[in-house]
Amino acid sequence: MVHRDDLDNRTIENLNFDILSALAVFVAYDLKLFQMLARGPTSATRWCEQAGITPRPAEALISVCTALGLVVRSGSLYSLSDLGRKYLDEQSPTFVGRYLDILIAVNQYYTFDQLKRAVLDNSPTIHIWADLCAKQNVNASRLFTDSMHAQSAAPAEGWIRRFDLNENKVMLDIGCGAGTHSFAALSRYPNLRAVLLDLPTVCKIASDYALSSGAHERIEICPGNMWLDPFPDADVHLYSQVFHDWTERECRFLAAKTFSSLPRGGRIIVHEIMYDDDKEGPLAAAAYSVSMLLWTHGRQFSAKEITDILVGAGFTELQTIKTFGNWSIVAGVKPR
């Protein structure tokens, strides 16, 4: 039996602490704490000198980073933890700095007033996405594409390790962004080729990433509109963080279009942070849906909902695989 005194108020208090913890990490990142620690153990005093701050705020920010497991302390010196080195060292292939950059850039929209407006109007308030979709803003495309590459590097490696593509020849990466997932797939499967499909402004950026991927000879860049243009030939279609940008009706359209385009035996892969089937969690999926209120007209789906969409398009042999952290895939096959 749970006693009333055991029902403490940490859940309520953490609403404030979580907001402040995120802001503390953003400021520490902006003031080059992690960049300094990546070069070796450093004292708080040395960071104060470089950042132009005094010990009191430095202690507060470093304490948050330590409590989150991003930084470790030995005596008077601080270093990046293994977790911090993986994600906050610029030399790491999974460095998330550009993702933090976009979160800092749109922080003015992550407010009570902006979210309430998005809820009441049922319409996004962050316009980087609209500019990118309208193909009018090269800077918006670069900022968004770079940030999604940073966010996607580790999850891409995660699902590639859990899903076998040995039998596939060509993967069409729809709404590819930088092409991060394709690069991960090509590095693991030397006989696979990839076609990157996205808006023209994004494809120009993807071309730069492809040249530095080490597999550019197996990559085709295909500027286009996934709603209007026919899909290039491929035997596996990947949608990573695409479905959550759109309504269920639009996702059903894409699934049906993929089904028509794929050869018999072809496969579809949908990669997302997914709700549990009862929609009562996890918190990551619920919070991401709130983010979609600010950014798009979409939402996060459960694995069951995505499965229903794919079954409705004609796919069989559906499977759901938890792949990495909060991420999962739902995959299906076009009957032979």
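Student: Which residue in E3 does Thr-42 stand opposite?
Tutor: Tyr-78 is the one facing Thr-42. Strands here are DSSP runs of E with at least two residues, helices are runs of H or I with at least four, and both are numbered from the N terminus. Keep in mind that this is a predicted model, where local features need pLDDT of at least 70, side-chain atom pairs count only at pLDDT 80 or more, and totals for chains, interfaces and linings use all residues. Residues are numbered from 1 along each chain as its sequence is written, and side-chain values use heavy atoms, with hydrogens and water left out.

Student: OK, and how many bridges hold E1 and E3 together?
Tutor: Two bridges, with E1 and E3 (residues 77-80) running antiparallel. Two strands count as paired if DSSP finds at least two bridges between them.

Student: What order do the strands of that sheet come in?
Tutor: The order is E1-E3-E2, in an open sheet with antiparallel pairing. E1 (42-43) and E2 (71-74) are the edge strands, each pairing on one side only.

Student: Switching topic: why is E8 largely enclosed?
Tutor: Seven of the seven residues of E8 (residues 267-273) are buried, so the rest of the structure largely encloses that strand. Buried means under 20% relative accessible area, exposed over 50%, and partly exposed in between, using a 1.4 Å probe and protein chains only.

Student: Which residues are on each side of E8?
Tutor: Arg-267, Ile-269, His-271 and Ile-273 are on one side, with Ile-268, Val-270 and Glu-272 on the other. In a regular strand, side chains alternate between the two faces of the sheet.

Student: And which way do E8 and E10 run, parallel or antiparallel?
Tutor: Antiparallel, with seven bridges joining E8 to E10 (residues 327-333). Val-270, for instance, has Val-330 as its bridge partner in E10. E7 (residues 236-240) runs parallel to E8, joined by five bridges.

Student: What about helix H14, which of its residues are buried?
Tutor: In H14 (residues 303-313), they are Ala-303, Ile-306, Thr-307, Ile-309, Leu-310 and Ala-313. Seen down the helix axis, these fall within an arc of 160°, so they line one face of H14. That arc is taken from the directions from the helix axis to the C-beta atoms.

Student: What do those buried residues pack against?
Tutor: They pack against H12, E8, E9 (316-324) and E10. Contact here means heavy atoms within 4.5 Å.
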